Amino acid sequence: MREFYNISEIAQLYDLCPDTLRYYEEKGLLHPVRGENRYRMYGIQDICTLNIIRSLRHLGMPVERIGSYLTRRSLDSTLDLIQEEENILTRQMERLKALRQEVSERRKRIETCQNQPVGKVVLRDLPQRPYVALREDIILEGEIDFLLKKLEKEYQRFIRIIGNQPVGAVLDEKSLAQGVYNHYASVFFLTKPHQPENGALPKGRYACLFYPGAYSGFRTHLLRLEEFVAGQGLRPVEAPVEFYHIDAHDTNREEEYLTEIQLRVEQNPDAPM
């Protein structure tokens with residue numbers, strides 16, 4: 001029976017990179033001896049130690065914690081460590097359960113969007129909707145995804161671009177008045193109760209319209225929305241809002257995109273009776 005094994009044999013046995021074994025040695029977890037040619041040689045105790053390391057690293061336990069355990073290993077410390085492992089697994093299970101729920105909700109969201117009546121204007125009374133938003137003087141259409149990612153990074157504990165919270169942008173009112181339809185004032189994620197917020201879409205009556213396909217169709221659909229609003233004796237209160245219900249995160253086919261325009265409105269006192 002061989003007493004020692006070289007680094008290549010151990011790396012192959014554990015499907016590890018040799019650099020990982022050197023890293024464990026640097027951190028004081030492994031203590032290989034040097035052969036006559038100065039190559040690292042690993043004994044039975046190193047193999048036993050590697051079994052422990054791999055088991056604990058599989059749970060995501062930090063190298064420093066593994067090191068402290070190895071230096072004072074006993075039945076009592078092993079039982080303490082098992083309790084830590086159980087706690088880690090419980091947290092992982094809770095996280096996986098939450099992720100599964102999120103995936104199920106995303107499926108439901110997409111399936112619901114597929115059944116939305118496109119091209120039809122609907123008046124809806126909506127509550128105040130808190131959000132986290134990122135505001136700029138002028139946001140170009142091509143910058144929206146970058147800024148949403150920037151916003152996601154700031155609130156990464158609560159929101160994700162590929163998630164379930166509605167995401168959108170508010171058009172820039174001054175640009176619209178000049179006939180420019182691809183400038184935005186802010187991007188946002190709607191947030192849930194007990195999550196951060198730095199603003200809200202106001203409570204009120206909204207004229208809403210879903211449209212499919214490329215964002216280049218926005219101008220045509222907005223003009224149609226505004227025509228409907230005027231015909232109902234209403235007027236816009238503020239700049240329109242876009243919601244990106246199905247976009248490039250869901251499909252490569254532009255014709256499958258689904259965008260919603262929402263325009264808060266009020267009664268127009270100058271409208272003919």
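Rings of Phe, Tyr and Trp (its six-membered ring) pair if their centres lie within 6.5 Å; planes under 30 degrees apart count as stacked, over 60 as edge-to-face and the rest as tilted. This is a predicted model, in which local features need pLDDT of at least 70, side-chain atom pairs count only at pLDDT 80 or more, and totals for chains, interfaces and linings use all residues. Residues are numbered from 1 along each chain as its sequence is written, and side-chain values use heavy atoms, with hydrogens and water left out.

Select Y131, F188 and F243: ring pairs link them into a cluster. The structure holds six aromatic pairs. One of them joins F188 and F243 edge-to-face, at 5.4 Å centre to centre with 80 degrees between the planes. F188 is in strand β7 (residues 183–190) and F243 in strand β11 (residues 241–246), 55 residues apart; strands (E, at least two residues) and helices (H or I, at least four) are DSSP runs numbered from the N terminus. Both F188 and F243 are buried, where buried means under 20% relative accessible area, exposed over 50% and partly exposed in between (1.4 Å probe, protein chains only).

Next, select Y215 and Y257. Their ring centres are 5.6 Å apart and their planes at 35 degrees, so this pair is tilted. Y215 lies in the loop between β9 (204–212) and α8 (218–231), and Y257 in the loop between β11 and β12 (258–267), so the pair ties together parts 42 residues apart in sequence. Y215 counts as partly exposed at 22% relative accessibility, while Y257, at 10%, counts as buried.
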